Amino acid sequence: MSGPKPYYVTTPIYYVNDAPHIGHAYTTLACDVLARFMRLDGHRVKFLTGTDEHGQKVEKSAAAAGMAPQDFTDRVSRNFRDLAAAMKFSNDDFIRTTEPRHIASAQAIWRALDAAGQLYLGSYAGWYSVRDEAFYGEGELSDGPGGTKIAPSGAEVDWVEEPSYFFRLSDWEGRLLDFYDRNPNFIAPESRRNEVISFVKGGLQDLSVSRTSFGWGIPVPDNPDHIMYVWLDALTNYITAVGYPDTKSEDFSTYWPATLHMVGKDILRFHAVYWPAFLMAAGLEPPARVFAHGWWTNEGQKISKSLGNVIDPLHLIERYGLDPVRYFLLREVPFGNDGDFSHRAMVGRMNGDLANDFGNLAQRVLSMIQRNCDAGVPAPGAFAAADSALLDRAGGLRDRLRAELGAQAFHKALIAIWEVVGEANRYVDDQAPWTLRKTDPARMATVLYVLAETIRRLALVTQPFMPDAMARLLDQLGQPETARGFAALDGALEAGTPLPRPEGVFPRFVEEAADG
Ligand code: ME8
């Protein structure tokens with residue numbers, strides 16, 4: 001097929017045991033920016049998110065809420081959909097693991113693994129953490145209070161003994177190492193890749209892939225005493241959404257293998273070890289890349305329900321506005337590292353980078369045009385070196401962003417955009433169009449044209465990060481919907497285009513008003 005490569009990006013599917021918080025919003029936001037960028041850049045895109053609804057943890061949460069599991073998951077899953085709408089996520093699909101399409105797909109991968117001789121019936125005796133929905137070896141645990149055992153994640157584990165099917169994970173050690181070797185970009189960032197490789201080199205045990213001590217899950221085909229282990233069920237969502245088991249379908253052939261699974265560092269092992277092993281064992285290709293990002297804390301503290309410091313993204317949006325929140329989350333912390341949310345840092349970015357740097361640039365240029373150029377794009381004369389230099393820098397952003405976002409370096413992409421914002425602000429000061437108005441109106445028109453065109457280019461490439469503010473800015477530049485894809489970067493503003501009265505797109509955060 002010709003044209004740019006199709007792009008398939010996925011978020012983890014979130015457990016419906018609890019309300020969505022800033023961590024969930026963060027992962028999906030990162031994927032949303034990539035999906036929007038790739039669409040604007042002309043790719044066919046599939047962006048998937050959803051909810052993980054089976055397993056012991058969800059069963060327990062439903063019981064604690066006094067609800068039947070299906071009613072409970074319906075309710076909590078709805079909260080995740082509402083979050084997606086509030087954050088303006090542009091996902092093309094929202095998958096729930098309780099849907100018939102997924103149950104069929106999970107049972108199909110089970111059958112494929114069985115047919116390939118990868119499953120056998122045995123019994124599991126060992127440690128299990130309900131919070132992590134994970135099995136742990138004795139050697140991974142430490143002692144907790146009151147004789148309890150604690151997993152590396154900090155979760156308590158219980159001793160479990162039950163009949164179980166096993167997946168022959170131990171057979172895949174060599175093939176996984178070989179796969180990592182041949183696909184150096186499969187796991188990012190680099191430090192995480194090294195962790196995964198040393199984990200696999202440490203030896204893999206066969207994995208328990210069914211449970212019998214509770215009932216909330218997908219029945220194992222031909223043996224309904226067992227339900228599928230929730231991680232085998234959940235990981236399969238990524239192929240369900242492209243039509244598995246119909247591997248000949250248009251969607252499957254277009255989008256599988258996925259371009260990118262975005263996950264938090266807590267669940268990298270499942271995505272970078274178990275998932276490619278399941279896929280290869282079922283005769284399917286592993287995804288091209290798994291990126292494990294870092295962890296958010298709140299004002300320096302671990303975010304947890306028991307500390308009562310969970311950050312509700314809806315409250316953030318209400319307080320600061322959606323675009324500043326989207327900007328902050330991806331600008332503040334180098335993507336891949338852990339980060340800290342603080343009110344101070346949020347307001348600093350909002351008032352500094354957004355209101356002062358970008359907002360003022362747009363507002364002063366567009367107001368000058370409004371007042372001095374008959375409320376329309378001025379006609380430029382010949383460009384001086386400084387003019388072409390600025391236009392070239394703004395025009396070069398598309399390639400720069402392709403590279404940075406190809407590596408999921410969101411913060412570097414934003415830094416690159418703000419370098420051009422800074423140059424444009426220096427250019428305004430150097431060229432002093434307010435002085436030219438009296439001394440050389442023709443040159444003033446050129447300078448204002450160069451600035452308006454620079455702002456148009458900045459607005460186009462910033463759309464994936466802040467879609468609302470940039471849509472308003474492009475409105476103020478008289479740009480129709482049809483001129484907002486990256487192909488528009490090959491064109492330029494047309495002199496004489498009428499421009500509406502400008503309005504600020506980045507309000508300042510005023511402390512008193514918020515505390516009242
Ligand atoms: O693990 N900082 O679901 P989950 C950053 N259902 N990201 C965070 C975060 C924080 N403090 N807290 C959560 C599951 N996240 C499984 C996934 S996929 C086939 C199944 C984000 O609801 C981060 O992306 O526990 C993390 O990996 C994910 O939420 C865990 O969500």
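Lys 88 is partly exposed, at 38% relative accessibility. The model in which this residue sits is predicted.

**Salt bridges across the chain**

Lys 88 pairs with Asp 468 in a salt bridge, N to O at 2.9 Å. Asp 468 belongs to helix α19 (residues 467-476), while Lys 88 is in the loop between α3 (69-86) and β3 (93-96), so the bridge ties together parts that are 380 residues apart in sequence. Asp 468 is also partly exposed, at 27% relative accessibility.

A second pair joins Lys 46 and Asp 251, with N to O at 3.3 Å. Is Lys 46 buried or exposed? Lys 46 counts as buried, because its relative accessibility of 10% falls under the 20% limit. Asp 251 is partly exposed, with a relative accessible area of 27%.

Arg 101 and Asp 93 make another salt bridge, their closest N and O atoms 2.9 Å apart. Arg 101 is partly exposed at 30% relative accessibility. Asp 93 is buried, with a relative accessible area of 16%.

The count for the model is 34 salt bridges. Some residues join in a network: Arg 393, Arg 400, Glu 404, Glu 419 and Glu 423 are linked by salt bridges.

**The ligand site**

The shell around the ligand holds 22 residues, of which Ile 13, Thr 27, Asp 52, Asp 266 and Trp 296 come nearest. By type, the shell divides into 11 nonpolar, 9 polar and 2 charged residues.

| Residue | Protein atom | Distance to a ligand oxygen |
|---|---|---|
| Thr 27 | side-chain N or O | 2.6 Å |
| Asp 266 | polar side-chain atom | 2.8 Å |
| Tyr 15 | backbone N or O | 3.0 Å |

How much of the ligand does the protein bury? Taken alone, the ligand exposes 680 Å², and the protein buries 94% of that.

Which elements give two or more residues to the shell? They are β1 (7-15), α1 (22-40), α7 (230-235) and α8 (237-240). Strand β1 supplies the largest share, 4 residues.

Technical notes
Residues are numbered from 1 along each chain as its sequence is written. This is a predicted model: local features need pLDDT of at least 70, side-chain atom pairs count only at pLDDT 80 or more; totals for chains, interfaces and linings use all residues. Side-chain values use heavy atoms; hydrogens and water are left out. A residue is near a molecule or strand if one of its heavy atoms lies within 4 Å of it. A polar contact is a pair of N or O atoms within 3.5 Å; within protein, one must be able to donate a hydrogen and the other to accept it, and residues adjacent in sequence count only if both atoms are side-chain atoms. Accessible areas come from the Shrake-Rupley method with a 1.4 Å probe; for residues, only the protein chains shown count as cover. Ala, Val, Leu, Ile, Met, Phe, Trp, Tyr, Cys and Pro count as nonpolar, Asp, Glu, Lys and Arg as charged, and the others, Gly among them, as polar. A salt bridge is a side-chain nitrogen of Lys or Arg within 4 Å of a carboxyl oxygen of Asp or Glu. Buried means under 20% relative accessible area, exposed over 50%, partly exposed in between (1.4 Å probe, protein chains only).
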